[in-house]
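Here are my notes on this one, jotted down point by point. Have the model open while you read.

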Amino acid sequence: MAGVVHVDALEKVFRVPEREAGLRASLRSLVNRQWREVRAVDGVSFDVEAGEVVGFLGPNGAGKTTTLKMLSGLLHPTGGGARVLGHVPWGREREYLRRMTLVMGNRNQLQWDLPALDSFELNRAIYRLPREPFRETRDELIELLDIGDLVRKPVRQLSLGERMKVEVVGSLLHLPQVLFLDEPTIGLDVTMQKRIRNFIAAYNERYGATVLLTSHYMADVEALCKRVIVIHHGKLLFDGRLEALADRFGAYKTIEAVLADGETISMQVPRNETSAATARLLAENEVHDLTVEDPPIEDVIEQVFAS
Amino acid sequence: MSVMNAQAGAVRSMVDFYLTGMRTQIQIGFQYRAATYMYTIGMLSEPVIYLVVWRTIADQHGGTLNGIGGGQIAAYYIVWTLVRTFNIVFTPFGWEWRIREGELSAQLLRPIHPVHYDMATFAGQKIPWLIMYAPLAVGLGFIFHPSLHPRPLEVVVFFVAIWGAYVIRSLNHFVLGMLTLFTTRATALFQIWFLTELLVSGRLVPLTFMPQWAQSIAAWLPFKWTFYFPIEALVGAMSTETLLTGLLWQCLWAAIGSALVFVTFRLSVRHYSAVGN
Amino acid sequence: MRRGLQLAWTYTRLGVLNEMQYRANFFVAIFQSLLGVAVSIAVLALVYSHTDALHGWTQSELLVVLGVQILLGGVIHASVQPNMERLTQDVQDGKLDFLLSKPADSQLMISLRELRLWQLVDVVSGAIVVAVGVSRLQTSVGIGHAFAFLALLLVGASLLYCFWLILATGSFWVINMWFLSDLFEGVYQVGRWPIGVYPGWLRYSMTYLVPIGFAVTVPAQAVTHRLHWVTVVVALGFATVVFVVARRFWRFGLSRYSGASA
């Protein structure tokens, strides 16, 4: 058995009722229900060592969140197995739940009407943390993410980014050894995204925690993860170092330019020819606006899957 | 020796959790005073209507109905409001919302059984409720002139019984709520449940006003222990034996409720699909 | 005016189309309605097992009151309640601005945009209960009574709508109004019994403050031969006044909300 997280051919199949439009179809469906199988996670295997920060990339509906939900014990798989910290996650043993945490972006687990500090007290009671060490940990984390003035205000008065910060601290008070982060920076502005990323990196360094992070922002993964796993249609497409990913997937860049006469030029060039192509473009035209972009993740992965 | 320490520690932590959870709710409860008062008024209209209707009937019959006088009817329904405040728990209809909002997922991630959240939360709410409700109860007393002369034992049993009612109803509603994970038509089941409760729990009328066959049915169901028994303990003239066996019955139904919660929870967690949240 | 009617029709059509998608809800609504009627009749039966007349009203007459309450309840659950709940929600979430930028009467929009079609099953149930009650009356009901009945039903519906609107407008000031539906459901049950049953102060508040008395008992009086023409005049006058007040209050609340004079 290798490392902290061991996943073996994990599978989750949902049965979804088929719904057609029209009077006849719905009457028929009252009698004869048609079901459709959705293979959300289709035989995924990987191992993660202690202290690693692994990024899960993939478009919406790829199966990243479902995988995390299984590893955090929320869902029972329909096939395969997994062990985290030696426990079977969906057994939901108290010992396991005390050593891990799942943070979902845009989700509140704190009390809406009270200051975060009060919710932290509740967490202390839930996780049975002795008071003094708890206070120390709490104050340390508050300082690390610089939320001292935020924790005394009712959570509903905080902005989206501020709320995310207190949520993250709240979910780390019991010093979990495994962190599952599901789109933690979604909907946040760039500064806030950076802060949260830095905090996660600091926590990982300080406590040696293992972090599994899903995102469809390349920036999150680039900042935090040395290793990435690409999931699409429930299958694992890539598992390796970030550089290899960039080379293989981000092989092209898109250059868009708006010219003086209003015309727009858009072209795809191989990565290593980017600066040459840009230079030539600028030399040959009067350019009013220029963008050089990585291809969007969805397109890239579609390409890989197609090949 | 260490096992016993572990047990004692577990109990201490649970008590700690309940106290902390209740304290949190007390803070929140006092924040929303106006809304609570409005809700209370809505809640009060039910017993006041019953009170007025049954009193009218009693008055038309020369003052008593089934041997119960107007003053006792008033006492029944005013104590009803107190018992009602205590047996308000998380509604099974709320589970759909709870699942959709991800609250259930959040609870499942914690090392505490979700039933404790509801029990601690609603227990905490009782305290600001009672404090805010007390003047209303006094007001109702002035308007309707209840006749209430309880013995000391009855008062003691009453205090125990309202908490018993709270526990039984919490557990039952939790089991009902979990049915939402199994079927989309759970609300129909809830409605049948509440209809039954309305008729055989003493919520609508003192059970002694119901036809005999209804009373026999009521004896086998948990409903009368959440409304009728606590109210009658204070208002009626139950013998010491009846009072104490009543408490035992409450314990029994609480035990049954816990067992059902335990079993249903295991089954329903497997079914949980946590989709979208 | 014509624009308003067109808009009303459009909203209704959309609401119906929307609801038709959830055909299972039709069966659920029928089940709920029958259950509700069954409980109410059981309660009535229980009450009348102990007495022959409640404050002068016989069982058949009380059946009529019950029927009216269920009928109007259907209208409220189908249209008034969902719209007012959505209004308070929108105010709380700050989503009202989107609506206010449209060039149509705001009150019309917030009153008609939601429709829970299948709740109208209660209107049918209620009508049936009324019919059963009327058929068992000692005296017969003429065309004049029927007309008065329908007219007073409309008056009653209008009163209840205005009551809801005034409460919902309060959400401009008291942001959190989650208790509104519970409050109404609780108080609406008062209408199940003839208003005369309640002690004086309660009777007055249930007639004028929370117009349940007018809405439910008065139409029932029309077909149970208790109606005085004075009551009809007062009812019409009262409804008109309340409607004007509700609309003014709505415009006032709106102007405060958007910071401009509407």
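1. Strand 1 (residues 5-17) of chain A runs antiparallel to strand 4 of chain A, and five bridges hold the pairing. If you want a residue to start from, take A:Val5, whose bridge partner in strand 4 of chain A is A:Val84. Keep in mind throughout that this is a predicted model.

2. Now the sheet around that pair. It is an open sheet of three strands in chain A, ordered 2-1-4, with antiparallel pairing. Strand 2 (35-48) and strand 4 (79-84) of chain A are the edges: each has a single partner strand, so one side of each is left without a neighbour in the sheet. On average, neighbouring strands here are turned by 30 degrees against each other, ignoring direction.

3. What packs on this sheet? Helix 2 (residues 64-71) of chain A does. This helix touches strand 1, strand 2 and strand 4 of chain A, and its direction makes about 115 degrees with that of strand 1 of chain A.

4. Next, have a look at strand 8 (residues 227-232) of chain A. Strand 3 (residues 53-57) of chain A runs parallel to strand 8 of chain A, and four bridges join the two. In that pairing you'll find A:Leu57 opposite A:Val230 of strand 8 of chain A.

5. Strand 8 of chain A has an antiparallel pairing as well, with strand 9 (residues 235-241) of chain A, over six bridges. One facing pair there is A:Ile231 and A:Leu236, the latter in strand 9 of chain A. The two strands make a hairpin with two residues between them, and A:His233 in the turn has a positive phi of about 55 degrees.

6. For chain A overall, I'd note eleven helices and twelve strands. Of its 307 residues, 39% are buried. Taking contacts between residues at least 6 apart in sequence, 71% join residues at least 24 apart.

7. Last, the contact between chains B and C: 27 residues of chain C meet 25 residues of chain B. On the chain C side, helix 2 (24-50) and helix 8 (180-188) of chain C each supply at least two residues. Helix 2 of chain C gives the largest share of that side, ten residues. By class, the side of chain C that touches chain B has 18 nonpolar, seven polar and two charged residues.

Key: Residues numbered from 1 in each chain as written. Chains lettered and ligands numbered in written order. Predicted model: local features only at pLDDT ≥ 70, side-chain atom pairs only at ≥ 80, totals over all residues. Buried ≥ 20, exposed ≤ 12 C-beta atoms within 10 Å, placed from the backbone. Contact = placed C-beta atoms within 7 Å. Pairing = 2+ DSSP bridges. Axes fitted to C-alpha atoms, helices over the stretch in contact; angles between N-to-C directions. Nonpolar A, V, L, I, M, F, W, Y, C, P; charged D, E, K, R; others polar.
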